[in-house]
Amino acid sequence: MNLFETYLDIIKKNIIKNKKKINIKDLDYLKSTILESPPAKFDFDFSSNVALILAKKNNADPIKISELIKDILLKNVKDFSMIEVAGPGFLNIKLSNEVWLKTIKDILLKKEKFGSKKNNAKFNIEFVSANPTGPLHVGHCRGAILGDVLSNLLKFNGNKVTKEYYINDYGNQINIFAKSVFYRLREIKMKEAFPKNMELYPGEYIKDIASKILKTNSSINVLNFDKIKKKLISLSLKQSMILIKTDLKNLGVKHDNFFSESTLVSRKLVSKTIDKLKKNKLVNYGFLNPPKGEEAKNWTKAKKLIFKSTLFGDDTDRALTKNDNSWTYFANDLAYHADKVSRKYDKLINVLGADHTGYVKRIKAAVNALSKEKITLTCKISQLVKLYKNGQPYKMSKRSGEFISVNELINEVGKDSVRFFMLTRSNDVELDFDFDKVLEKNKENPIFYIQYCYARINSLFRTLNVDLYSKIKIDNFSPNEFEYKLLRKIIEWPQVIKIASKKLEPHRIPFYLYEIATIFHSYWSKGNEDSNLKFIKDNKMNLFLSFKIFQLLSIILENGMKIIGVSLPKKM
């Protein structure tokens, strides 16, 4: 139920049907016309640039075309009560009272489905995928929330979504991690000082992992690392993943699938994937130029197995083997995505950290090659988060090592605030997380303002001792200024969902919720000044249409905050 889509389609059909009357021949640009909310100074429900678009393409007068289209629409579309030609040729449109009453009724019938659209695409969203060498830090936190809310948004529109975590449990960093745990075990069992001059993970959490291992493996021999390396890697990874999953749970995130990199090795998926690419003549042995910025004297020219990624939009072809003929990280990643392609998803989404920006083109090229360009991969970069308190960069304890953990952040401000504020900027720009603003209880804190809006609405119904969604009869449609503002904002909700889903930009939802909550609070304040705008008089419902509109607003707040994964208390 998207009125913007519905009426734009009606406008286009009327123009096509009456193109001779309008005296236009070229309708190619009709598909690029829009229907949107007009600026607040105009007392109309929709605005369209259709006449401007057609006039430009047909070398005609936009005002003249606007007038012709206006007459056609007023004659043929009974839902439009008034149309005005504004500025250089915009069409401002007002809906009839009957349409508004029907719209209110339809929204209440749809309730939790309002704004959603029936889709049935199959998505795989891979996010977080942090190295399993310790707790999650704030950078992971933003990516985790982005991936989780994207999943909720796509599910809201009827899609099937698999939330996946790729466990990087193979390679040198795992050996370093296990060795770090080994020395913490020696520290506990043998009272030996933890080495400071070695390449190890220094965080106190490593000691916690070692302690947990000792609870079920008290007799483990810590004299020789190499003898217990395989077992210790397994035990350490198990405890680390418990730590990570606990952090994610506290953040309100639960993955559907965990895919292990070591599985690629055990199933020999890398070589199998490379063999398929060889058959399609997409890999060959050759030489690559030095990476940009690296001096030629530091570059060793060696013959390598190369993936022809430039055939699929990459800047350069990519090496699949190192100088020692072992697989590159990209080769493993290519095999992992081959496995995802084999699982028959319609679309793949990867949420990547800021340090992976340069990795996007090659992995998209890989998916295009592996799926024969039938499956698209979209990569969303989650930029850095900077923490501030009292106007200064904020540093919490270093128990986690050289980073601030998700758990520390949640303990400071709570899950809801973390989830909401991580979405207050587009994912592709850096985010300043201000603790002072997060903890404020005023308009400057958007999560508080939205939750307070819902609590106030509930308090009104509670005062009247009626259910939030009880039936309210409306005899006529004669809205005041604030009722109209709320209604016009309410019908934007499906459009917000549509654009956020299409562009994979969930930050649009909290922005919209804050805007509509602001209108409500302004109305509430005005009611304290003007007795005619009081919602309740003599313990009875005064403005029946307002209460009906508040029901619609509650539906949107419930749906929106559910997508974000934030609670919505009835009392505050």
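Predicted model: local features only at pLDDT ≥ 70, side-chain atom pairs only at ≥ 80, totals over all residues.
Strand 6 spans residues 160–167. Seven of its eight residues are buried, so strand 6 is largely enclosed by the rest of the structure. Buried here denotes a relative accessible area under 20%.

Strand 6 pairs in the parallel sense with strand 5, residues 122–126, over five bridges. Within this pairing, Lys160 of strand 6 lies opposite Lys122. Strand 5 and strand 6 also belong, together with helix 6 (residues 138–156), to a right-handed β-α-β unit.

Strand 6 has a further parallel partner in strand 7, residues 257–260, to which four bridges join it. Ser260 in strand 7 is the bridge partner of Ile167.

**The sheet of strands 13, 14 and 15**

Three strands make up an open sheet of mixed pairing, arranged in the order 14-13-15. Strand 14 (392–393) and strand 15 (431–434) are the edge strands, each of which pairs on one side only. Strand 13, residues 385–389, runs parallel to strand 15, and four bridges join the two. Asp434 in strand 15 stands opposite Tyr388.

Strands of a sheet pair through backbone hydrogen bonds, in either a parallel or an antiparallel arrangement. The parallel pairings described above are set out below.

| Strand pair | Sense | Bridges |
|---|---|---|
| Strand 5 and strand 6 | parallel | five bridges |
| Strand 6 and strand 7 | parallel | four bridges |
| Strand 13 and strand 15 | parallel | four bridges |

How values were computed: Residues numbered from 1 in each chain as written. Heavy atoms only, no water. Buried < 20%, exposed > 50% of the residue type's maximum accessible area, 1.4 Å probe, protein only. Pairing = 2+ DSSP bridges. Right-handed = clockwise from strand over helix to strand, strands pointing away.
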